[in-house]
Each structure stands twice: as C-alpha cells, then as structure tokens.
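Hello,

Here is the structure we talked about, with the sequence alongside. Please open it first, then read the notes below.

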Amino acid sequence: MSLLQVFILRSIEASPPTKRRAADMTPPAATVPLASLLLLRLSSTAAPRLKNPPSTACHGVRCAGGGRRQRRLGRRRAAVVEEAGAQEDGVLLPKEGEEPAAAAEERYDWREEWYPLYLSKEVPDDAALPVTVFDRQLVLWRDAHGVLRCHEDRCPHRLAKLSEGQLVDGKLECLYHGWQFDGEGKCVKIPQLPEGAKIPRSACARRYEVRDSQGVVWAWLSDANPPDERKLPWFEPYARAGFTDISTVHELPYDHSILLENLMDPAHVPISHDRTDWTAKREDAQPLFFELTERTARGFAGYWGRTRAPHLRNLLRFEAPCVLTNTLEFAGKDGSPQCFSAHFLCRPAGQGRSVLIVRFGSTARSPLAKVLPAWYFHQNACKVFEQDMGFLSSQNEVLLREKVPTRELYLNLRSSDTWVAEYRKWMDRAGHGMPYYFGHSSLSPPPVPAVVEQAPAGAAAGISASFPAKGGVGTTHAPNPTNRYFRHVVHCKGCRASVRKYTTLKNAFAALAAAAVAAAILAATRQWKVILLASSAVLAAASYACDAVVSLITTNFIRTHRRL
C-alpha cells in the first residue's frame, strides 16, 4: 500500500458506491472462511492456553532466588491473563500457531523459484550488473544481440568478480587476466594460453536461466531442476487496455521479510506518511477490515478495506517467494470499470538488505502523471521509503538480537495486522526450505552473522566488492545504504540523466549570471546596467532552481522534528 494508491483511493472515494461485479464479490471456489482459518474462536468461559507465554516479562530481571522467581512467574501469569482478556474482547489476534492439519504443507525450497533481479529497461547496455539473491552473487549483462545473460559472479580462474569486468564484442571479460565468456558461460578467450592450446572445458562460468517478463528480469536459481515456467509470475492488469505504470528500483537496508511485512500493512500509511504527496492524513487512521479467502503452500490472498469506506475492497495477494500485489477494482466517473494495481517485487539481497522493484499502475491515469516529470514520482517514492527506514531497520535489529518468534514480540491487532500475522505464519510453513527465517511460532536464525556473510575479509573489502554497475571509489556512486543516490539513482537511468542535465544547466546558468554581472559593470549606460543586472538575477534564480531539483532527486528526506 503506497501513497500513490492512497491518492487514487481518495480521488474515487467521493463518488457514490457502485454495484460491484459478481466476479469481484464472489470468492474463489476454494475459499475458506476467515473465521475458521485465521481468527481462532476463544472460549467465553476460559482464557486461551498459550504454548509459549511472552518472554519479555522478565527481561532485565535477575531470576536467581525462589522469591524473585515466584514474583517473575506471577507477573508472567498476570500478563497472560491480561492478554487473554484482550483477545476475548476481539482486539488482538491470537498468538497460537496454526492447527497441525493447516501446517502440514508440501515441502518448500527457496531455490526452486523465480527471483526478480531488475527492471529490464534499467539493465545497462554497456556494463555488467552485480545482483545478489540471499547470499548468492550473480552478474547480469546483455550480449551483442541485447539478450539478457546471467552467471555466477566469479571467474573460474582466480575467483575475481565478473561484474567488475567489461563487455567486449558481446562477451563478458574478466578484468583480472582478460578471460572472456560468451552468453552460455563458455570461456572463448584466454590471452595467456599458448598458441594452439585448447581452452580447458572446465573454464566455464556457471549460468542461470533468466526471463524478461512484463518488463522485469527473473532468474531461476535451482541447481537440480530446469525452470518451471508455471511459477513465473504474470500480472493480469498489465494486459489491460490503457494500463500504464510508474516503476522504480530501490535498495534498502533491512531484510526482505521486514520489507514485505511493511508493504502489506496499510494501517501505517496515514501515520508514517502523513501529508506526503498531499494524500495521506493521520486523521484518516481508522480500523480496517480483512477477509482471508485463500491460503496455500505458496502464499495467501484476501480482501481488505477501510471501515469508513467499505465499498472499496482491495484484493491483496502474496505469492512465494517475494511477490506482493494489491489490486483495487472501481468504477470511473463515467461508470466504466477501472483498475489500480500495485506490485511489490522484493528481492532478498542478503541479511539486512533487500532490493525492491515497485510498480504502480492504473487504467485511469492521474492528471498529475501527465504534467509532472517521472523523476518527481521517483523522488517521492524514495521519500516514502525513507520515512519508514529508521524503524524498519531497528525492527530488523530487534528480531536478530532477541532470536524468538514474532508471536512473542508482536502485539498484532485484528483491525490492522491480519496480513502481517498471516505472512509470519506462512514462514512457519515454508521456513524449513529457506536459508533463514523468523516466523510466527518458529524461527531459524542466519547461520553466520551478516558482517561475516557480506564482508568476510573485512569491511573495506566488502564495500570494494559491492559497487553498482555505474560507480567507483571516492565518487557519489560508492555504496552507502543511507544515501538516496546509492539506494535509487544508480539504479535508474532516468534519474541519472536528470541529475546530469540539471547539474549542467545549473553550472551554465551560474556562468551566464556571472558574465551578466561583469557586463553590467562595464556597461556605459544606466539602462544597460539595469537590464544586465536583472538578467543576472534571473539566471542566478534559474541556477538555484536547477540545484534544488538535483537536491530533490539525490537528498534524503528528514522529518521536521529530526532536523537540526
């Protein structure tokens, strides 16, 4: 749920409720009522029995001694009773796990999936692009025919990163010793090889299958099985007539599960993004309704909406491993059916890191989208993620430090957190097939610390080995997850071009303003002095405006109460 979606919701909210189509109102044939799947009925005569009472009751208390232990247990029992009373009042979601029958699903394997690597339009034509899925490092590039290729990001010779290399005649060249590889990963040139000698057959770069589907590059990571085309995501709204979208790429400093949890939480939008883009308002915070309609081994789906606007029913769908969609069907002013759809493709890029491909599209294009440049919407999306960044990063920290399931840490409300609880319960079912996870009732922490995974040879080595496709040491492009330029601009051709254009214009206007001042000093008549000084003021203002645009594209958003 984003502020662009809120903008569309508010624009149609004023129109009278329309009669929804039967297809929108009728759940699928496999629908299971929410009450029987998600919300456990509580007995009116006894408090629910919690398998693992919250462990936070005795944090910071030394538990030695019988008296202290009894007081601690008393406080814990009191907390359980208090929590049970709140659940009976229908405020909190129950902390119990799923029924055994619901938890017994088919085995999940994170490698047997398609992962979103990048927007295909943003893949450089003249450079190799490093990408990461969990701890697996890949390199994405285009051959001489523009075909997308993907390999393991290391040279079989001496393990140098191929993404540091260059493209030569449609081949990927390792810049350490000049070995060149074709699109299939076969080594086709070794400069140091004696004349007449054959290239060893083992001198190959490991290849991964990729697909360009609806503008997104997907990679299949299985080591054992060929690509399963049935699992390749396909989004129906993009096939509709008149459907247009705004798509951006963002690198974010927290785990992809934290990111997904945040994106499926519409309750936070009015508070966290108050007055962002003039749409979200904190006074609009209200209870939400949720209706789970589908639960499978690969995810879940259901409807949600605001209690003050029950006729606007959003369909949210989570599909493994990292795809979240939110679709709203509504009637336009002329009664014609319209659709707004938000697609969040969240690539796990290692511990404490994720890459988000966010796509907002609609058949009813906003008038603002026709007037404002694309970089404006991009910087606004950056601002939204920056508004969430502080507390999402700290949430990631707490989960790693506490090492307990989320049911012992979260107080999930029925009226705001249903999808969050459902997502963590899905991780209970699928976590056994993931490198690490934090579920509702179970968890498996990462086997090694993030600092070891990402920089085993030291922090400087880790930074040096993780440059984006365009950038280098000592420049603005150097990796820095707290910097908007690194998180978005290096991933966006349009924003990079805008920064270059407005920087050039800023310098040109400043030079012309200085020249106008010099000419005014030398002017012989008072009339020319006034004209030249006025021109200088206008040129200086134009230079300042261009600088403001560059700053808007590249500078982090800081909340007013946090500014010095």
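A definition to start with: a residue is called buried under 20% relative accessible area, exposed over 50%, and partly exposed in between (1.4 Å probe, protein chains only). This is a predicted model, so local features need pLDDT of at least 70 and side-chain atom pairs count only at pLDDT 80 or more, while totals for chains, interfaces and linings use all residues. Residues are numbered from 1 along each chain as its sequence is written, and side-chain values use heavy atoms, with hydrogens and water left out.

**The chain overall**

The chain has 564 residues, and 48% of them are buried. Its secondary structure comes to 15 helices and 19 strands. Helices (H or I, at least four residues) and strands (E, at least two) are DSSP runs, numbered from the N terminus. Contact means heavy atoms within 4.5 Å. Of the contacts with a separation of 6 or more, 62% join residues 24 or more positions apart. The chain exposes about 27400 Å². Carbon and sulfur atoms supply 57% of that area. Accessible areas come from the Shrake-Rupley method with a 1.4 Å probe; for residues, only the protein chains shown count as cover.

Two strands pair if DSSP finds at least two bridges between them. Seven strands form an open antiparallel sheet, in the order 11-17-16-15-14-13-12. Its edges are strand 11 (244–252) and strand 12 (288–296), each of which pairs on one side only. Neighbouring strands in this sheet are turned by 15° against each other on average, direction ignored. Axes are lines fitted to C-alpha atoms, for helices over the stretch in contact, and angles run from 0 to 180 degrees between N-to-C directions.

Look at strand 16 (residues 337–348) and strand 17 (residues 354–362). They pair in the antiparallel sense over nine bridges. Leu 345 stands opposite Ile 357 in strand 17.

Helix 10 (residues 418–430) lies across strand 12, strand 13 (299–306) and strand 14, at about 20° to strand 12.

Four strands form another open antiparallel sheet, in the order 5-6-7-8. Strand 5 (166–168) and strand 8 (187–189) stand at the edges with a single partner strand each, so one side of each has no neighbour in the sheet. Strand 5 and strand 6 (residues 171–173) pair over three bridges, in the antiparallel sense. Val 168 stands opposite Lys 171 in strand 6.

**Salt bridges**

A salt bridge is a side-chain nitrogen of Lys or Arg within 4 Å of a carboxyl oxygen of Asp or Glu. By this rule there are 30 salt bridges.

- Glu 184 and Arg 207 meet at 3.3 Å, N to O. Glu 184 lies in the loop between strand 7 (180–181) and strand 8, and Arg 207 in the loop between strand 8 and strand 9 (209–213), so the pair ties together parts 23 residues apart in sequence. Glu 184 is partly exposed at 45% relative accessibility. Arg 207 is partly exposed at 37%.
- Glu 229 and Arg 211 meet at 2.8 Å, N to O. Glu 229 lies in the loop between strand 10 (216–220) and strand 11, and Arg 211 in strand 9, so this pair ties together parts 18 residues apart in sequence. Glu 229 is partly exposed at 42%, as is Arg 211 at 24%.
- Arg 353 and Glu 251 meet at 3.4 Å, N to O. Arg 353 lies in the loop between strand 16 and strand 17, and Glu 251 in strand 11, so parts 102 residues apart in sequence are tied together. Arg 353 is partly exposed at 25%, whereas Glu 251 is buried at 13%.

Salt bridges that share partners also join Asp 143, Arg 149, Glu 184, Arg 207, Glu 209, Arg 211 and Glu 229 into one network.

**A nonpolar surface patch**

Val 517, Ile 521, Leu 522 and Leu 533 form a nonpolar patch on the surface, with about 420 Å² of accessible area together. Patches are made of residues with over 30% relative accessible area and no salt bridge: like charges are joined within 9 Å, nonpolar side chains (Val, Leu, Ile, Met, Phe, Trp, Tyr) within 5 Å. Helix 14 (residues 493–522) gives the largest share of the patch, three residues. Leu 522 is found in helix 14 and is exposed, at 73% relative accessible area.

Best wishes
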